[in-house]
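Dear colleague,

My notes on what was found in it follow directly after.

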Amino acid sequence: MGKITVNGKAQELESPLTLSALIALNNVAQPDMVSVQLNEEFVGKEDYEQTTLKDGDEVDFLYFMGGGSRP
Amino acid sequence: MNFTEDQVNRYSRHILLQDVGVEGQERISSGKVLVVGAGGLGSPVAFYLAAAGVGTIGLIDGDVVDLSNLQRQIIHFTADVGKPKVISAKEKINQLNPDVEVVTYQALLTAENAQEVIKDYDFVVDGTDNFPVKFLINDACVITGKPFSHGGILRFEGQTLTYLPGAPCYRCLFHAPPPPNAVPTCSQAGVLGAIAGMLGTIQAAEALKYLTGVGELLTGKLLSFNAKTMTFRAINTKRSEHCPVCGKNPTVTKLIDYEQAVCDISDRRKT
């Protein structure tokens with residue numbers, strides 16, 4: 001099937017995979033709280049199910065990070 | 001600007017730097033930077049900006065120093081426990097570098113005061129630990145065309161991006177704040193103290209790069225690191241046409257005070 005890159009790390013595609021399935025496969029904690037980029041473009045949550053990954057795709061999960069000081 | 005002999009000496013390592021020089025130091029010395037939050041990130045940011053001789057440093061924070069802050073908020077000392085953070089920070093900055101004018105706001109940044117507070121500054125540094133104010137800073141800076149540095153830390157990780165008008169903003173990446181308590185804060189999940197220094201010094205460097213015009217800023221990039229493996233990664237980002245504040249059909253046209261996480265509010269009552 002090919003190879004994709006998830007947060008900079010290579011991952012084998014063993015069968016056709018949607019973004020939703022990839023999120024489940026990668027055990028993403030709190031999937032509702034993650035922003036997803038596919039090949040440097042943001043993908044809306046409503047499109048995860050219809051987006052099928054192909055060889056060479058780069059996926060990035062962006063997580064919320066607070067930190068600093070309570071102002 | 002004419003530097004005195006002492007100032008030439010004090011800033012000699014900047015003046016020697018080929019890309020900075022006297023001209024760059026003049027830009028730093030006449031620069032105005034607002035630091036939102038005088039805590040984990042704000043401490044190293046304010047310290048390095050003060051040492052660099054930034055002309056005016058604004059500090060806004062409504063909190064007082066707590067013993068649990070001292071593990072990472074290095075601008076505050078044990079004797080400062082109970083003192084307003086902006087006062088404690090101002091005292092250290094004055095001792096480090098009397099050239100710096102420190103403007104303190106012992107208050108929360110709110111939808112009501114944000115535009116008025118940021119308008120006098122060249123650059124804003126987000127050193128807050130909560131999403132309502134992170135989004136408020138983003139929106140206020142996008143709406144008024146003000147450059148800023150976003151910073152976030154949690155456990156062993158940090159992330160930062162720099163916004164300039166026209167570049168992707170924080171909301172392009174994250175459209176709306178997470179619901180209260182959906183994402184842990186440092187006060188809930190902890191943070192390695194030195195992470196605040198790692199990220200804060202990156203933010204300070206971005207502010208100094210902006211003032212001097214040196215190099216390339218972290219615009220269109222989200223830099224993140226994990227100190228457990230000590231790996232850094234910059235992800236390229238683009239503006240989102242669906243961005244609620246800078247997209248094609250913005251829905252955020254005025255500033256919003258989002259709800260704080262419940263436990264943060266109860267923490268505040270305690271201190």
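I begin with Asp60(A), which has its place in strand β5 of chain A, residues 58-63. Please bear in mind throughout that this is a predicted model. Asp60(A) counts as buried because it has 22 C-beta neighbours inside 10 Å, and the cut-off for a buried residue is 20 or more. Apart from its neighbours within four places in sequence, Asp60(A) is in contact with Asn7(A), Gln37(A) and Ile235(B). Tyr48(A) lies 12 residues from Asp60(A) along the chain, and the C-alpha atoms of the two are separated by 13 Å.

Strand β5 of chain B covers residues 148-154, and its pairing with β6(B) is antiparallel, over 7 bridges. Within this pairing, His150(B) has Leu161(B) as its bridge partner in β6(B). The two strands form a hairpin with 2 residues between them, and in the turn Arg155(B) has a positive phi of about 55 degrees.

Strand β6(B) is also joined to strand β7 of chain B (residues 221-226) by 4 bridges, again in an antiparallel arrangement. In this second pairing, Asn226(B) in β7(B) stands opposite Glu157(B). Strand β6(B), residues 157-163, is mostly covered, with 7 of its 7 residues buried. Glu157(B), Gln159(B), Leu161(B) and Tyr163(B) point one way from the strand, while Gly158(B), Thr160(B) and Thr162(B) point the other way.

Finally, I draw your attention to a helix of chain B. Helix α4(B), residues 42-52, is mostly covered, since 9 of its 11 residues are buried. Among the buried residues of α4(B) are Pro44(B), Val45(B), Phe47(B) and Leu49(B), together with Ala46(B), Ala50(B) and Ala52(B). Gly42(B) and Ser43(B) are buried as well. Just after the helix, Gly53(B) takes a positive phi of about 85 degrees.

With kind regards

Technical notes: Residues are numbered from 1 along each chain as its sequence is written. Chains are lettered from A and ligands numbered from 1 in the order in which they are written. This is a predicted model: local features need pLDDT of at least 70, side-chain atom pairs count only at pLDDT 80 or more; totals for chains, interfaces and linings use all residues. A residue is buried if 20 or more other C-beta atoms lie within 10 Å of its own, exposed if 12 or fewer, and partly exposed in between; C-beta atoms are placed from the backbone. Two strands pair if DSSP finds at least two bridges between them. Two residues are in contact if their C-beta atoms, placed from the backbone, lie within 7 Å.
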